[in-house]
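Welcome! Here is a short tour of some strands and how they pair. Please have a look at the structure first.

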Amino acid sequence: MTTDAQILTALRSAQGGGVSGSELSQQLDISRAAIWARIEELRSFGYDIEASPHRGYRLVSAPDHLHADDLLSRLGKTRTIGRDIRVFQETTSTNDVIEKLARDGVKEGAVVFAESQSKGRGRLGRKWMSPPRKGLWFSLLLRPAMRPSAATQLTIAAAAALSRAIRLHTGLKPEIKWPNDIVIRGKKVAGILTELSAELDKVKYVILGIGVDVNLSAGEFPHEFRKLATSLKIETGQSIDRAELAAEILRELDRDYARICAGQFTAVADEWESQCATLGHNVVIRLGDRQIQGRAESLDVDGALLLRTLHGHLETIIGGDVTLEK
Ligand code: BTN
């Protein structure tokens with residue numbers, strides 16, 4: 001952990017109390033003057049840190065900005081995901097940034113957040129609106145030892161983890177629309193874009209791009225989306241602490257990625273199925289120009305959707321756009 005992350009962790013673990021400069025200096029093994037300089041730097045980022053001769057340093061509040069050291073401090077220790085966190089004020093798309101890191105050989109588990117994206121993209125070539133500081137727009141790099149066809153397992157795991165983290169953090173009850181939309185009261189609140197680089201029989205790396213509409217108000221959605229999309233702020237009636245939610249999501253993703261790597265896809269899929277708003281329903285799936293109707297029955301071992309068509313055949317669906325039939 002960086003020095004700033006360690007300072008923030010120490011201040012947070014004092015739970016509103018103070019930590020003296022000499023305690024911090026001992027814990028971090030740096031001088032009190034160096035601690036003071038780091039505290040000043042954190043203040044310049046918007047952290048309100050009180051300093052008193054009797055109580056020491058006290059964290060009063062953190063700004064609504066994403067800050068890599070703060071995210072590391074809130075996240076704590078994980079197995080893989082989030083051991084390297086980078087935050088950009090603006091990028092084209094965090095998937096592009098992480099892809100470059102992947103090609104440069106960066107280790108799996110790296111996460112890139114952006115406060116805004118100028119070319120955020122969604123599935124099926126759609127645009128993804130990413131206004132500054134209103135959501136969580138981030139991508140993570142994985143290097144799983146798996147066949148390319150099994151990579152859908154990661155999308156399934158990411159959707160289960162994302163939905164669980166939202167539930168834990170907000171108390172809301174999100175549902176999953178196959179394969180990767182998180183919906184609340186039928187409106188989309190988050191989505192996942194999985195991109196893959198692979199050889200014939202082996203994944204080189206997988207990029208999971210995740211977008212969560214956190215603090216957008218209804219009026220901030222373009223007109224055409226208002227019936228289809230929502231935000232956590234709209235659903236809870238209050239602003240959400242984005243950094244805390246980000247840490248919660250990364251923790252749950254780390255947990256489910258470990259389960260996938262340990263060959264426990266079935267346990268992840270069972271949890272996914274229990275939250276799924278698609279299985280057991282009659283659906284229409286659009287795959288480019290093609291449209292298939294049927295009943296969504298279950299997931300296969302790789303996370304693809306098994307659809308019982310109107311002719312009684314079982315089709316394996318790995319992409320497309322799903323609409324529930326009324
Ligand atoms: C979808 O539901 O269509 C997927 C949306 C994924 C959006 C995220 S935001 C962070 C990452 N960067 C992108 O350009 N897209 C993903």
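## Strands β3 and β4

Thr91 stands opposite Gln117 in β4. In this predicted model, strand β3 (residues 84–91) and β4 run parallel to each other and are paired over 7 bridges. A helix belongs to this part of the picture too: together with β3 and β4, helix α5 (residues 94–103) makes a right-handed β-α-β unit.

## The other partner of β4

Now follow β4 to strand β5 (residues 135–142). These two run antiparallel, and 4 bridges join them. To find the pairing by eye, look for Ala114, which stands opposite Trp137 in β5.

How many residues of strand β4 (residues 110–117) are buried? The count is 8 of the 8, so β4 is largely enclosed by the rest of the structure. Buried here means under 20% relative accessible area.

Next, turn to strand β10 (residues 282–287) and strand β11 (residues 290–299), which pair in the antiparallel sense over 6 bridges. Within this pairing, Arg286 has Gln291 in β11 as its bridge partner.

The two strands, β10 and β11, form a hairpin, with 2 residues between them.

## From β10 to β14

Strand β10 also pairs with strand β14 (residues 321–324), again in the antiparallel sense, over 4 bridges.

Definitions and conventions
Residues are numbered from 1 along each chain as its sequence is written. This is a predicted model: local features need pLDDT of at least 70, side-chain atom pairs count only at pLDDT 80 or more; totals for chains, interfaces and linings use all residues. Side-chain values use heavy atoms; hydrogens and water are left out. Two strands pair if DSSP finds at least two bridges between them. Buried means under 20% relative accessible area, exposed over 50%, partly exposed in between (1.4 Å probe, protein chains only). A crossover is right-handed if, with the strands pointing away from the viewer, the path from the first strand over the helix to the second runs clockwise.
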